[in-house]
Structure formats: C-alpha cells, structure tokens
Amino acid sequence: MVSVYPWRLAPDGLATRRQLRAAGLRPGGQDVVAQLERPRYRRGLLIAFLYRVELARPVRPMTPAKAAALTKANTARRTCPTCRRDAGYVIPASLGMCVPCAYPEEQRVA
C-alpha cells in the first residue's frame with residue numbers, strides 16, 4: 001500500500017517522473033513510493049506517482065545509435081504515406097496522411 005498525499009504536500013525527498021527528469025535523473029527501476037491526489041471539478045482525481053530522489057539514477061546519455069534511431073523515427077512520422085513527401089510536421093493520426101492529400105479538393109479551389 002502506497003502513501004497518499006494531497007496535491008503540493010508531498011514530503012521532501014520524493015519527486016514525480018517529470019521532476020526527476022528535470023534534475024537529470026530517472027526512477028531506475030524503483031517502485032512507486034507514494035502518490036499525490038488532486039481533486040478536479042466534475043472529473044476524476046488527478047494522480048501523480050512519487051519516487052525516492054536518493055534512489056534515482058542518472059539519465060542514460062544519448063548514444064549515436066540512439067540519436068540515429070530517433071531521427072529515423074521522427075522522419076517516418078513526418079513522411080506522408082500517400083505522396084511520400086516530408087510534410088514539415090507530424091502527420092495527424094486522425095488523417096493518416098498530410099493535409100493536402102486528405103483534402104485535395106480544397107487545394108484546387110484556393
């Protein structure tokens with residue numbers, strides 16, 4: 001059973017994943033120690049998991065292979081599967097293709 005704290009009232013020495021990342025750290029395989037709960041109007045609770053800062057490990061450095069894989073993945077997200085061109089932005093999943101391919105009739109009118 002993890003401890004539950006109200007929003008903004010966690011004890012020192014605990015941090016969320018984002019807070020750890022901002023400090024150049026990662027959870028490093030440790031289990032969740034506690035959680036923060038924030039009530040929201042007409043919606044469910046917002047929950048943030050907390051980890052011990054002293055058990056956190058440094059973020060792994062970016063290797064050349066990792067950087068190349070990330071570049072390749074981002075290029076694939078920007079390439080339209082229909083026209084095979086770089087759209088200049090990440091292709092929306094809702095369309096599945098670049099905007100000119102999704103709405104060709106609107107391109108001819110303008």
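Author: Phe49 lies in strand E5. Before we go on, this is a predicted model, in which local features need pLDDT of at least 70, side-chain atom pairs count only at pLDDT 80 or more, and totals for chains, interfaces and linings use all residues. Residues are numbered from 1 along each chain as its sequence is written, and side-chain values use heavy atoms, with hydrogens and water left out.

Reader: What makes a run of residues a strand or a helix here?

Author: Both are DSSP runs numbered from the N terminus: helices are H or I with at least four residues, strands are E with at least two. Strand E6, which holds Arg57, covers residues 57-58.

Reader: How do you know that E2 and E5 pair?

Author: Two strands pair if DSSP finds at least two bridges between them. E2 and strand E5 (residues 43-52) have two bridges, in the antiparallel sense, so they meet that definition. You can find Leu14 opposite Arg52, and Ala15 has Tyr51 as its bridge partner.

Reader: Which other strands pair, and in what sense?

Author: E1 and strand E4 (residues 34-40) are parallel, with four bridges; Ser3 stands opposite Ala34 there. E4 and E5 run antiparallel and are joined by six bridges. Among the facing residues are Gln35 with Phe49 and Arg38 with Leu46.

Reader: Why are E1 and E2 said to stand at the edges?

Author: The four strands form an open sheet of mixed pairing, in the order E1-E4-E5-E2. Strand E1 (3-6) and strand E2 (14-15) each have a single partner strand, so one side of each has no neighbour in the sheet.

Reader: Why is Arg42 called exposed?

Author: Buried means under 20% relative accessible area, exposed over 50%, and partly exposed in between (1.4 Å probe, protein chains only). Arg42 has 75% relative accessibility, so it counts as exposed. Arg84, with 62%, is therefore exposed too.

Reader: And Phe49, is that one exposed or partly exposed?

Author: Phe49 has 42% relative accessibility, so it counts as partly exposed.

Reader: What makes Leu45, Ile47 and Phe49 a nonpolar patch?

Author: Patches are made of residues with over 30% relative accessible area and no salt bridge; nonpolar side chains (Val, Leu, Ile, Met, Phe, Trp, Tyr) are joined within 5 Å, like charges within 9 Å. Areas come from the Shrake-Rupley method with a 1.4 Å probe, and for residues only the protein chains shown count as cover. Leu45, Ile47 and Phe49 form such a patch, with about 270 Å² of accessible area together.

Reader: Which residues form the positive patch?

Author: Arg21, Arg57, Arg60 and Lys66 form it. Lys and Arg count as positive and Asp and Glu as negative, while His and the chain ends are not counted. The place of a charge is taken as NZ of Lys, CZ of Arg, CG of Asp or CD of Glu. Arg57 has a relative accessible area of 44%, so it is partly exposed.

Reader: How do you know that Arg52 and Glu54 form a salt bridge?

Author: The definition asks for a side-chain nitrogen of Lys or Arg within 4 Å of a carboxyl oxygen of Asp or Glu. For Arg52 and Glu54 the closest N and O atoms are 3.6 Å apart, so the pair qualifies. Arg52, at 36% relative accessible area, is therefore partly exposed, whereas Glu54, at 55%, is exposed.

Reader: How many salt bridges does the structure hold?

Author: It holds two. Arg78 and Asp86 also meet in one, at 3.2 Å from N to O. Arg78 has a relative accessible area of 29%, so it is partly exposed.
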